[in-house]
Amino acid sequence: MSHDYDVIIIGGGMVGGCLGLALSQSSLRVAIVEAREFSKKQSDSAGKRAIALSWGSRCILQQLGIWQQVNDAAMAIEHIHVSDKGHFGKTRLSADSQNVDALGYVVEATEIEAVVAGSLKQSNIDRLCPASFLDYVVHDDSADVTISLDGNEKTLSCKLLVGADGGLSKVRERGIFELKEYSYEQHAIAGLIKVESDVHDVAYERFTSEGPIAMLPHFDGLYSLVWTMPSALAQAVMQLAEDEFLDRLQSRFGQWLGELSLLGKCQTFPLSLSHVPDNTAERVVLIGNAAHQLHPVAGQGFNLGLRDAAILADSLMSKSDIGKVLEAYAKHRQLDQALITGFTDNVIKLFSTDSALFSVVRNSGLLMLDNIPLMKNQFARQTMGLGSRLARLKKVG
Ligand SMILES: Cc1cc2nc3c(=O)[nH]c(=O)nc-3n(C[C@H](O)[C@H](O)[C@H](O)COP(=O)(O)OP(=O)(O)OC[C@H]3O[C@@H](n4cnc5c(N)ncnc54)[C@H](O)[C@@H]3O)c2cc1C
């Protein structure tokens, strides 16, 4: 039986877009269905969020042939400094000790989306946009996917449907997937910060009793802030006058970067953990935020989703039977997804409490990490996105 497409990807965000790019290296017929035009997304302030890319993600973007363009808009992280307010434990990871040029990179989400969208335009992938996924039905040898395009309903057939439609995934909702959800009842305040210090290659993770603070190097001597705290407190902090806001931030973050000042307005994001442990079903798979949505402070969400996309592309290019593709995909992704989801959740819970017992555990953990090179290397590998099997995509460009 002939199908309209081999693969239909719902969602052309960073993860769905990268899957499309990876598959453009194959002879598979692929369509991406995206609800929002790129020009409209660009004006969203949420798109300005800084994404910390791991070394592993750099390797995948290189294989997709877009690393050079992403790198033009990126800042390198050469050191990661982890500390706990009011306690003695701290640790530093460095690129030198890991024998890499950088531990990771920081890029605005819209910059990555712009590069991906530009490359997709020049590829053989059909991009249906603005078009919205409505529903799907699975048959023995195909899936029928109904979308709304130009105000009309249209049904397309494919061998595999991929849900890359983000945290509120409709593909997930229409399927038989079990979503496990946990709300941290926290919000993250994100914004750009001017710093007094001329240190510009260090990323800071600072844990406080109210929640963690991440400061990532950004362009032009700026730092990108992700400051997490209980939701009600975040609302109150957002109402503070600028000098009160900065006093509070400075007292929580400390003097690692000298005096801090604000550039523009901050945004808030609600924080939750949601994941679908079993994210493959007959002729359907969920990837990226549709499969797992993590707390942003650990900077792992997109990195994890990009590895989903790379491994799925790898499986699709090496096997023709969709059952075998999904089996191989699940086998290679389950451990990494479970590890990163569990790791992020444990770190947030461990570091977001002021209990004396937890504070002893986390401080001894940080000190041990600093003093035992093997543990530090393992932690660095996980943070750099090298803890799991990497995909073997063809190199292009
Ligand atoms: C403040 C903050 C900081 C973060 N920092 C980091 C970081 O440092 N490092 C990191 O790795 N991650 C970070 N993340 C997480 C990262 O942003 C996400 O993991 C990533 O954006 C997920 O990409 P995605 O493509 O899976 O989903 P999305 O980016 O949500 O894309 C989904 C796409 O699907 C489309 N869509 C939705 N519904 C439909 C439909 N019905 N039909 C058609 N299209 C549809 C949407 O328009 C969208 O384009 C951060 C997140 C936040 C909020």
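Where is aspartate 150 found? Aspartate 150 sits in the loop between strand 10 and strand 11. Helices (H or I, at least four residues) and strands (E, at least two) are DSSP runs, numbered from the N terminus.

This is a predicted model: local features need pLDDT of at least 70, side-chain atom pairs count only at pLDDT 80 or more, and totals for chains, interfaces and linings use all residues. Residues are numbered from 1 along each chain as its sequence is written.

**Overview and confidence**

The protein has 12 helices and 19 strands. Of its 397 residues, 46% are buried. A residue is buried if 20 or more other C-beta atoms lie within 10 Å of its own, exposed if 12 or fewer, and partly exposed in between, with C-beta atoms placed from the backbone. The mean pLDDT (the predictor's confidence in each residue, from 0 to 100) is 85. A pLDDT of 70 or more is reached by 83% of the residues. Over residues 360–372 the pLDDT is below 50. Where pLDDT is low, the predicted coordinates should not be read in detail.

**Around the ligand**

The ligand is surrounded by 35 residues. A residue counts here if its C-beta atom, placed from the backbone, lies within 6 Å of the molecule. The closest are Gly11, Gly13, Gly166, Gly288 and Gly301. Several elements give two or more residues to this shell, among them helix 1 (14–23), strand 3 (50–54) and strand 12 (180–195). Helix 9 (301–318) gives the largest share, 4 residues. By class, the shell has 16 nonpolar, 14 polar and 5 charged residues. Ala, Val, Leu, Ile, Met, Phe, Trp, Tyr, Cys and Pro count as nonpolar, Asp, Glu, Lys and Arg as charged, and the others, Gly among them, as polar.

**The core**

The largest nonpolar core has 101 residues. Such a core is a set of buried Ala, Val, Leu, Ile, Met, Phe, Trp, Tyr and Cys residues joined through C-beta atoms within 7 Å. Ile8, Leu19 and Ile287 have the most contacts inside this core. Helix 9 gives the most to it, with 8 residues. Two residues are in contact if their C-beta atoms, placed from the backbone, lie within 7 Å. Beyond its neighbours within four places in sequence, isoleucine 8 is in contact with residues including Ala31, Val33 and Val145.

**Strand pairs**

Two strands pair if DSSP finds at least two bridges between them. Four antiparallel pairs follow.

| Strands | Bridges |
|---|---|
| Strand 12 and strand 16 (260–275) | 13 bridges |
| Strand 12 and strand 15 (222–230) | 9 bridges |
| Strand 9 and strand 10 (143–149) | 7 bridges |
| Strand 10 and strand 11 (152–163) | 7 bridges |

Valine 195 has leucine 260 in strand 16 as its bridge partner. Leucine 192 stands opposite serine 224 in strand 15. Strands 9 and 10 form a hairpin with 4 residues between them. There, tyrosine 136 stands opposite valine 145.

**Backbone exceptions**

Most residues other than glycine have a negative phi, and most peptide bonds are trans. Aspartate 150 has a phi near 50 degrees, a positive value. Aspartate 150 counts as exposed because it has 8 C-beta neighbours inside 10 Å. Glutamate 185, in strand 12, also has a positive phi near 50 degrees. Glutamate 185 is exposed too, with 11 C-beta neighbours inside 10 Å. The peptide bond from cysteine 129 to proline 130 is cis, with omega near 0 degrees. Proline 130 lies in the loop between strand 8 (126–128) and strand 9.
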